[in-house]
Amino acid sequence: MWEKRLPEVLRRAGRSDFYRGRLGDDLPGGLADLEGLPLTTKDDLRASYPFGMVAVPRRELVSYHESSGTSEGAPTASFHTEADWAEMLDRFGRNRVGLADTDTVLVRVPYAMVTIAHQVHAAARAAGSLVVPADARSTAMPLPRVLRLMRDLRVTVAAALPTEPLLWAACARLAGESPRSHAPDLRALLSAGEPLSPARRRRIEELWGCEVHLSYGNSECGANLGGECPERNLHLWADRYLPEVLDPETGLVSFEGRGRLVLTTLHREAMPLVRYDTGDYAEVTYGGCPCGWPLPRVRVVGRWDHGVSLRGRRDRVFASEVENAVFSLPSELGVLFWRAVEDEGVLRVRVEAVDAAAGEVSTALVREVEEAVGVRPEVEVVPVGTLVPLEELTRRSFTAKPRYLAPAGATGAGGPMYAGTAPPTGAEGAERAPGPDTVRP
């Protein structure tokens with residue numbers, strides 16, 4: 001399938017200013033030649049802003065988006081045609097949630113400037129569902145209002161970053177109520193926008209009494225890149241993308257394994273990308289899923305640039321590994337929020353807990369983190385309300401995507417929802433089954 005599609009993809013890409021200069025007229029003939037092409041990077045997208053990557057006449061463009069991570073650098077543009085949107089919604093429709101006209105869907109992800117909110121909104125409308133455009137990172141939608149809407153409108157499906165359900169739970173507890181009392185009809189949470197560890201997923205499901213469904217994507221490549229099968233494994237839509245895995249240490253590329261995920265779009269009109277380095281550190285495997293899908297499975301570990309190096313650990317450590325250890329603590333300890341820094345090769349973890357549980361949390365978390373990442377951390381247990389101030393839970397909506405693990409002194413890497421403040425250092429120290437052709441290389 002890839003072999004047949006690739007020449008057309010390269011011809012289409014060559015209509016953009018960027019790829020016209022890079023690919024020239026002598027286009028590769030097939031899959032065997034792909035590795036000889038240079039990678040497309042985020043810096044390439046930034047240098048081509050705004051229209052350098054566009055491969056169609058401007059009159060055919062219908063929407064413009066930017067990555068949620070563009071605060072870390074110049075904008076990365078993402079354009080779509082009507083055909084791109086139809087294809088994107090077809091991919092989104094494969095998720096296990098299975099929207100229906102009996103659903104009330106709360107869209108609690110940002111409408112500006114990424115695509116996920118617009119995907120969920122359009123898919124819910126197409127299914128006949130009632131849509132509640134709750135947005136995120138908006139001062140108009142503080143957490144108590146979100147909880148009121150979930151209860152009063154009897155929301156059945158919610159789409160949100162995985163941090164959101166924890167914030168909802170903290171807000172409910174602050175009012176002396178259980179999370180489930182605010183969402184008695186909730187049957188599914190669609191999680192997108194951040195890697196989600198198995199332990200945090202289980203904790204969210206316990207809190208809200210419903211299944212969490214995973215969606216994986218990024219704005220640059222055309223949004224939705226993968227979703228879950230009936231067996232709850234995350235699969236790449238490899239009938240729509242050609243995936244490669246780049247070993248960041250050796251530079252070697254393969255079609256499966258562990259490394260930086262590189263994607264070539266197969267059907268995108270407005271802005272085709274050839275060998276785009278997503279920056280996501282992931283593991284891609286073929287076969288072995290009981291669902292029978294020929295699509296490769298993917299496990300996203302985190303952003304490669306957000307990993308840190310620790311003394312005594314050969315590989316980088318990612319937030320998802322620490323997160324899995326944090327949420328492996330017994331649920332009765334009530335831990336919801338944490339943050340960590342790498343400080344001169346030492347991992348320093350802060351976690352909120354009630355005073356009565358502080359000793360137990362500290363002992364257990366040292367054990368869990370050491371087992372998860374192979375190094376002994378320094379753990380500080382702080383009172384509830386330290387990382388996420390209690391008064392802020394009721395007063396405003398949080399405005400930035402969290403970064404839970406960062407080097408000491410990093411800017412824009414605050415606590416669970418407080419970007420713009422440096423983290424502490426030293427002792428102060430986030431269905432419809434597809435029917436593609438076989439995609440195994």
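Predicted model: local features only at pLDDT ≥ 70, side-chain atom pairs only at ≥ 80, totals over all residues.
Strand 10 (residues 241–246) has six of its six residues buried, and strand 16 (residues 346–352) has seven of seven buried. H182 sits in a loop, and that residue is buried too.

- Strand 12 (residues 257–265) runs antiparallel to strand 10, and six bridges join the two.
- To find your way along that pairing, look for P243, whose bridge partner in strand 12 is L263.
- Strand 11 (residues 253–254) is also antiparallel to strand 10, with two bridges between them. Here V245 stands opposite S254.
- Strands 10 and 11 form a hairpin with six residues between the strands, and G251 in this hairpin has a positive phi near 80°.

**H182 in its loop**

- The loop holding H182 lies between helix 7 (163–174) and strand 6 (188–191).
- How buried is H182? Its relative accessible area is 7%, and the cut-off for buried is under 20%, so H182 counts as buried.
- Leaving aside residues up to four places away in sequence, H182 touches L147, M150, R151, A172 and E177.
- R151 is 31 residues from H182 along the chain, yet their C-alpha atoms are separated by 4.7 Å.

- Strand 16 is largely enclosed by the rest of the structure, because seven of its seven residues are buried.
- V346, R348, R350 and E352 point one way from strand 16, while L347, V349 and V351 point the other way.
- Which way does strand 15 (residues 338–343) run relative to strand 16, parallel or antiparallel? The pairing is antiparallel, over six bridges, and E342 has L347 as its bridge partner in strand 16.
- The hairpin of strands 15 and 16 has two residues between the strands, and E344 there takes a positive phi near 55°.
- Strand 17 (residues 378–382) is parallel to strand 16, joined by five bridges.
- Together with helix 10 (residues 358–373), strands 16 and 17 make a right-handed β-α-β unit.

Technical notes:
Residues numbered from 1 in each chain as written. Heavy atoms only, no water. Buried < 20%, exposed > 50% of the residue type's maximum accessible area, 1.4 Å probe, protein only. Helix = DSSP H or I, 4+ residues; strand = E, 2+ residues; numbered from the N terminus. Pairing = 2+ DSSP bridges. Contact = heavy atoms within 4.5 Å. Right-handed = clockwise from strand over helix to strand, strands pointing away.
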